[in-house]
Amino acid sequence: MPNIQTQGTEEVHPDVLLVNRAREGDVQAYEKLVKQYDRQVFRIAQHITQNREDAEDVVQDAFLKAYEKLDQFQGNSKFYTWLVRIAVNESLMRLRKRRTGRMVSIDEDVETDEGSMPRDLADWGPDPEMQYGQSELADILRKTIQGLPPGFRTVFVLRDVEGLSTEETAETLGLSVPAVKSRLLRARLQLRERLSRYFRKKKGDGAK
Amino acid sequence: MTCTEFIAQLDDLLEDRVTVTLRADLEEHLRGCEHCVITMNTTRKTIEIYRSHELYELPNELRERLQKAILAKCKKC
């Protein structure tokens, strides 16, 4: 989204203008923010919670909490990353509840060595996803990413699926930049390895 | 350069955030290491596939219901 140039040299993100109006009680301004980001929040929540009902609840609760806390929004970060931080926390809370109170945090299960060095040497064909129908492929991709520990899955989703920068991902999750980089690398390598089961070249591929 | 050293730079290489000198070193490693070529290409493909497939769409009907519920609650704040 383009920034709006003000009379001075400072640029103001359009979201900040909407946030300012919403703070003054303009619910329609907030509605624009909801419509702009509800799909992304739903995707993130569904990826983390792996549960449709929980994801729906997260969308409602994250936007409501953000609205209630608009006064705390500093404006030195993007509204979207601030909102995502709330949504991630809500999602992790629900994941914890589903797991009958077992602690779930962004740090969970990240101390595994799996994924630090690739083991699978199998190459893929040029368009491996074409081996599957759209629905089957979507199932494979969902199943594969669901197998990652929450700490890796969340970093991968924010960084690679939603397109946040490394710095934004770090700020959103309360992690250091090196921690985000480390988890992202391991998440990518683990996903790659797991997808290889489906996408590896079969014997005879390429033979005429 | 070892494979471990190459993998440590893989993300920056995929995102084109390496210096010219480092890129030259990485490319030299790739010329002699099929394992790392495969790892790089399939990791890049992994990211592309996840970026280009919408796994969790929010259907319009549900979306409208959620929006109404959110805004109704906000108005009561």
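Residues are numbered from 1 along each chain as its sequence is written, chains are lettered from A, and ligands are numbered from 1 in the order in which they are written. Because the model is predicted, local features need pLDDT of at least 70 and side-chain atom pairs count only at pLDDT 80 or more, while totals for chains, interfaces and linings use all residues.

**View 1**
Chain A holds eight helices and two strands. Helices (H or I, at least four residues) and strands (E, at least two) are DSSP runs, numbered from the N terminus. Along the sequence the pattern is β-β-α-α-α-α-α-α-α-α. Of the 208 residues of chain A, 40% are buried. A residue is buried if 20 or more other C-beta atoms lie within 10 Å of its own, exposed if 12 or fewer, and partly exposed in between, with C-beta atoms placed from the backbone. Among the contacts in chain A with a separation of 6 or more, 67% come from residues 24 or more positions apart. Two residues are in contact if their C-beta atoms, placed from the backbone, lie within 7 Å.

**View 2. The two domains of chain A.**
The domain assignment gives domain 1 (4-98) and domain 2 (128-199) of chain A; such bounds come from an automatic or database domain assignment. The centres of the two domains, taken over C-alpha atoms, are separated by 22 Å. In chain A, 11 residues of domain 1 are in contact with 13 residues of domain 2. On the domain 1 side, α2 (27-49) and α4 of chain A each supply at least two residues. Helix α4(A) gives the most to this side, with five residues. By class, the domain 1 side has five nonpolar, five polar and one charged residues. Ala, Val, Leu, Ile, Met, Phe, Trp, Tyr, Cys and Pro count as nonpolar, Asp, Glu, Lys and Arg as charged, and the others, Gly among them, as polar.

**View 3. Packing of α3(A) with α4(A).**
Helix α3 (residues 52-68) and helix α4 (residues 79-98) of chain A pack at an angle of about 140°, with their axes 9 Å apart. Axes are lines fitted to C-alpha atoms, for helices over the stretch in contact, and angles run from 0 to 180 degrees between N-to-C directions. The pair α3(A) and α4(A) is therefore oblique. Angles under 35 degrees count as roughly parallel, over 145 as roughly antiparallel, 65 to 115 as roughly perpendicular and the rest as oblique. The crossing of α3(A) and α4(A) is right-handed, meaning that the near helix is turned clockwise from the far one by less than a right angle. From α3(A), residues including D54(A), D61(A) and K65(A) meet residues of α4(A), among them L83(A), E90(A) and R94(A). The residues of this contact divide into six nonpolar, one polar and seven charged.

**View 4. Surroundings of A62(A).**
A62(A) is found in helix α3 of chain A. With 26 C-beta neighbours inside 10 Å, A62(A) counts as buried. Leaving aside neighbours within four places in sequence, A62(A) is in contact with V41(A), L83(A), I86(A), A87(A) and E90(A). The C-alpha atoms of A62(A) and Q72(A), 10 residues apart along the chain, are separated by 14 Å.

**View 5. Two non-glycine residues with positive phi.**
Q50(A) is not a glycine, yet has a positive phi of about 60°. Q50(A) sits in the loop between α2 and α3 of chain A. Q50(A) counts as partly exposed because 18 C-beta neighbours lie inside 10 Å. D16(B), also not a glycine, has a positive phi of about 55°. The place of D16(B) is the loop between α2 (10-14) and α3 (20-31) of chain B. D16(B) counts as exposed because 7 C-beta neighbours lie inside 10 Å.

**View 6. The chain A side of the contact with chain B.**
Here 39 residues of chain A are in contact with 29 residues of chain B. The elements of chain A that give two or more residues to this side are α2, α3, α5 (134-146), α6 (150-161) and α8 (177-199). Helix α2(A) gives the most, with 11 residues. The chain A side divides into 21 nonpolar, four polar and 14 charged residues.

**View 7. Packing of α8(A) with α4(B).**
α8(A) and helix α4 (residues 34-52) of chain B pack at an angle of about 95°, with their axes 9 Å apart. These two helices are therefore roughly perpendicular to each other. R188(A), L189(A), L191(A), R192(A), L195(A) and S196(A) in α8(A) meet T42(B), T43(B), T46(B) and I47(B) in α4(B). By class, this contact has four nonpolar, four polar and two charged residues.
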